[in-house]
Amino acid sequence: MPDIITAAMLVIGDEILSGRTKDKNIGHLADIMTAIGIDLKEVRIVPDEEDEIVAALNAVRARYTYVFTTGGIGPTHDDITADSVAKAFGVPCEYDAKAYAMLEESYAKRGIEFTEARKRMARMPRGADHIDNPVSIAPGFRMGNVHVMAGVPSIFQAMLDNVVPTLKTGTKMLSASVECPLGEGVIGGPLAEIQKRHPDTIIGSYPKYGDGKFWTELVVRARSAEVLEAARAEVEAMVAELAKAG
């Protein structure tokens with residue numbers, strides 16, 4: 001059987017749910033996970049509320065190989081991700097000595113006061129490991145299978161680059177596309193039958209519109225080239241037959 005590694009993502013922040021901030025991290029994580037053979041199975045957007053974060057985190061960390069969180073590790077009062085992760089794991093959230101020293105030195109070099117608010121960025125659950133932040137120094141952290149990273153896209157992407165080499169990766173999903181000149185209403189039934197005959201594939205149907213008419217892009221995905229080709233050929237034959245008849 002192919003080695004299947006799964007992941008979930010928690011996007012944390014009231015600003016995402018209100019629409020004030022438009023998320024750019026989901027698509028980036030999905031692209032990276034697909035590229036390295038990890039199936040991103042679920043994404044949840046949760047508010048800056050400790051109980052909601054804890055409940056969501058405990059649900060997904062028990063179900064998937066990896067969990068990635070973004071947002072809520074800054075210096076302000078509503079940055080409560082570290083506290084919430086600590087609560088989910090049942091450990092104290094406290095100043096991490098290495099992170100504290102790094103931040104203290106960084107602010108001193110720039111002649112900026114190391115305020116209580118800035119010190120908050122050195123707080124982590126006890127026992128957490130650092131995720132390096134080459135952009136703005138303040139680290140993310142890893143606790144068990146949970147990777148906690150910043151919400152700012154440039155920082156998130158830099159942190160993720162440091163996380164990827166530490167991950168166990170699975171068998172990559174292969175894909176093939178079949179263009180269909182017919183609408184989903186015509187192909188829906190036959191396509192469902194093909195899916196039943198090929199349970200080791202995922203067949204997606206994506207309606208398109210252009211030049212005043214509808215058509216459909218069909219995408220077959222599988223982890224085996226042989227399995228993929230068998231299903232693709234059957235889909236292509238189905239499309240040709242229906243197009244000829246219609």
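Predicted model: local features only at pLDDT ≥ 70, side-chain atom pairs only at ≥ 80, totals over all residues.

Trainee: Fine, then where does Asp96 lie?

Mentor: Asp96 is in the loop that connects strand 4, residues 93-95, with helix 5, residues 97-109.

Trainee: And is Asp96 buried or exposed?

Mentor: Asp96 counts as buried, because its relative accessibility is 18% (buried means under 20%, exposed over 50%, partly exposed in between, with a 1.4 Å probe and protein chains only).

Trainee: What is Asp96 in contact with, leaving aside neighbours within four places in sequence?

Mentor: With those neighbours set aside, Asp96 is in contact (heavy atoms within 4.5 Å) with Ala122, Met124 and His130.

Trainee: Let's move to the sheets; what is the strand order in the open sheet of six strands?

Mentor: The order is 2-1-3-8-7-6, and the pairing in this open sheet of six strands is mixed (two strands pair if DSSP finds at least two bridges between them).

Trainee: Which strands stand at the edges?

Mentor: Those are strand 2 (38-46) and strand 6 (129-131), and each has a single partner strand, so one side of each is left without a neighbour in the sheet. From one strand to the next, the twist averages 20°.

Trainee: How does strand 6 pair with strand 7?

Mentor: Strand 6 pairs with strand 7, which covers residues 140-143, in the antiparallel sense and over three bridges.

Trainee: Which strands does helix 7 touch?

Mentor: Helix 7 packs on the sheet and touches strand 1, strand 3, strand 6, strand 7 and strand 8, which covers 146-149. The direction of helix 7 makes about 150° with that of strand 8; for such angles, axes are lines fitted to C-alpha atoms, for helices over the stretch in contact, and values run from 0 to 180 degrees between N-to-C directions.

Trainee: What does helix 2 lie across?

Mentor: Helix 2, which covers residues 25-36, lies across strand 1, strand 2 and strand 3 (66-70), and it runs at about 165° to strand 2.

Trainee: Changing topic, how many bridges join strand 9 to strand 11?

Mentor: Seven bridges join strand 9, residues 174-180, to strand 11, residues 213-222, and the two strands run antiparallel. Within strand 11, the residue that stands opposite Cys180 is Thr216.

Trainee: And how many join strand 10 to strand 11?

Mentor: Strand 10, residues 202-210, is joined to strand 11 by nine bridges, again in an antiparallel run, and Tyr209 stands opposite Phe214 of strand 11.

Trainee: What do strand 10 and strand 11 form?

Mentor: Strand 10 and strand 11 form a hairpin that has two residues between them, and in its turn Asp211 has a positive phi of about 55°.

Technical notes: Residues numbered from 1 in each chain as written. Heavy atoms only, no water. Helix = DSSP H or I, 4+ residues; strand = E, 2+ residues; numbered from the N terminus.
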